[in-house]
Every structure is written in structure tokens, then in C-alpha cells.
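Please look at the sequence and the structure below, and then read the report beside them.

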Amino acid sequence: VWAIVLRILKPGDIAIDVGAHVGFHTVGMAKRVGQTGHVHAFEPEPNLLKALEANVMMNGISSWTSTSGAAVSDATGDAKLWHDGPNTGGASLIEGCIASIDGEGAHDPVSVTVDTLDNYIASNIARDVDLVKIDVQGSEERVIRGGWSSILADRSTLAFEFNPCQFAQAGVNAADLL
């Protein structure tokens, strides 16, 4: 994924990181687009959002990087974010998409605010979005559906996690998504 991001983004570009975790891709994208560009990062898990915000500050990119604690999907409102025990990268809005590395299944849900990309972009971004990176444990199709108008209008490049097993749990046909 990182090699593709480096080939696509250039200084001055606008990028969105949905499911930013602690910010590995966010920081790299921000350094790539520089101060003339902007990165918008979404991480709904409260502890990871704090780490993401700290990472943005420590890397000196806060003036051209925005963070949001909202989850991104195909509708606005509130939802439960399910955890996968010790797997900090395994939280999902879809309970059945938890990989359950601790063998206990989905647990400890937290309530999160949900937004759509179309809504966020219309309210916060005045230029075309060049890249949308999505890693949201089975909800990738919902994120794309909630941002489809903007993605089409901007001709944004999409980079998303492709996990057919999670898509099946989410009721998504992987071939149709592609």
C-alpha cells in the first residue's frame, strides 16, 4: 500500500485516510503532500485517536493534517464500534467482521459518531481529493458508497483493504465491490 501511495501522491495533493489507526499512513501522506497539500485522517477508536493526534503533533504536520474521531460509513448518526481484544487494528462497525484473535469474538463496543465522506468533503474540503485510503475491517464498501458522489466528481484514486472474508460477513460481494 505504501509504495502505491508514494507513486500517487505529490506535493500539494489532498488525501483522506479512513481508519488511520495511529497514523503511519497519515504521517507519510502528510510528509509527501507537504504544506501545500492536506491530509484528513479518521480514527473512531478513542485511544487510537489520541495516539494519532500525538503522532501528528510530534511529526510537525498539524498545520496541514486534520484528524477526526468520527467513523466513516454510508450514513450519518451514531453506531457501535466493536473491539477485537488485543488487536488494536481490528475494531469494526460490523460485529461479525471481528477476527477475534483472542478467541472471545467482538466485545467492549464504544459508541461513535458516524459521518459520510460526501458530507465531510462538502463541509471541509474545497479542492479535489486525490487519494482516499480505506482500512475499516469490512466496512470499506459502505465508506465508498457514502463518498461515491465526491469520489466520482474528483476522480479520486481509491486504495482500500480487500478482505473477501470480511466482505462476506458484511454482506458485500467482493467481485461487485471491485
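Strand S1 and strand S8 (residues 131-134) pair in the parallel sense over four bridges, where two strands are said to pair if DSSP finds at least two bridges between them, and where helices (H or I, at least four residues) and strands (E, at least two) are DSSP runs, numbered from the N terminus. Within this pairing, Asp17 stands opposite Lys133 in S8. This is a predicted model, in which local features need pLDDT of at least 70 and side-chain atom pairs count only at pLDDT 80 or more, while totals for chains, interfaces and linings use all residues. Residues are numbered from 1 along each chain as its sequence is written, and side-chain values use heavy atoms, with hydrogens and water left out.

S1 also runs parallel to strand S2 (residues 38-42), to which five bridges join it. Among the facing residues, Val18 has Phe42 of S2 as its bridge partner, and Ala15 stands opposite Val39 in S2.

How many of the five residues of strand S1 (residues 14-18) are buried? Five of the five are buried, so S1 is largely enclosed by the rest of the structure; buried means under 20% relative accessible area, exposed over 50%, and partly exposed in between (1.4 Å probe, protein chains only). In a regular strand the side chains alternate between the two faces of the sheet. In S1, Ile14, Ile16 and Val18 lie on one side and Ala15 and Asp17 on the other, and both faces are covered.

For S2, too, five of the five residues are buried, so this strand is largely enclosed by the rest of the structure. One side of S2 carries His38, His40 and Phe42, the other carries Val39 and Ala41, and all of these are buried. S2 in turn pairs with S3 in the parallel sense over four bridges, with Ser68 of S3 as the bridge partner of Phe42. Together S2, H3 and S3 make a right-handed β-α-β unit.

## The helix between S1 and S2

Seven of the 10 residues of H2 are buried, so this helix is largely enclosed by the rest of the structure. The buried residues are His25, Thr26, Val27, Gly28, Met29, Ala30 and Val33. What covers them includes helix H1 (2-8), S1, S2, helix H3 (46-58), strand S3 (65-68) and S8. Just after H2, Gly34 takes a positive phi of about 70°.

## A mixed, open sheet

Elsewhere in the chain, four strands form an open sheet in the order S4-S7-S5-S6, and their pairing is mixed. Strand S4 (71-73) and strand S6 (87-92) stand at the edges, each with a single partner strand, so one side of each is left without a neighbour in the sheet. Neighbouring strands of this sheet are turned by 45° against each other on average, direction ignored.

Inside the sheet, strand S5 (residues 77-84) and strand S7 (residues 107-116) pair in the antiparallel sense over six bridges, and His83 has His107 in S7 as its bridge partner. Helix H4 (residues 117-124) packs on the sheet and touches S4 and S7, and its direction makes about 50° with that of S7. Here contact means heavy atoms within 4.5 Å, while axes are lines fitted to C-alpha atoms, for helices over the stretch in contact, and angles run from 0 to 180 degrees between N-to-C directions.

## A buried serine in a loop

Ser139 lies in the loop between S8 and helix H5 (140-154). Is Ser139 buried or exposed? Ser139 is buried, with a relative accessible area of 1%, and it touches Leu93 and Ile94, not counting residues up to four places away in sequence.

## The chain as a whole

The secondary structure of the chain comes to seven helices and nine strands. The radius of gyration of the chain is 15 Å, close to the 16 Å that the globule rule gives for 178 residues, so the chain is as compact as a globular protein of that length; this radius is taken over C-alpha atoms, and the rule is 2.2 Å times the number of residues to the power 0.38. Buried residues make up 50% of the 178 residues.

Note on methods:
A crossover is right-handed if, with the strands pointing away from the viewer, the path from the first strand over the helix to the second runs clockwise.
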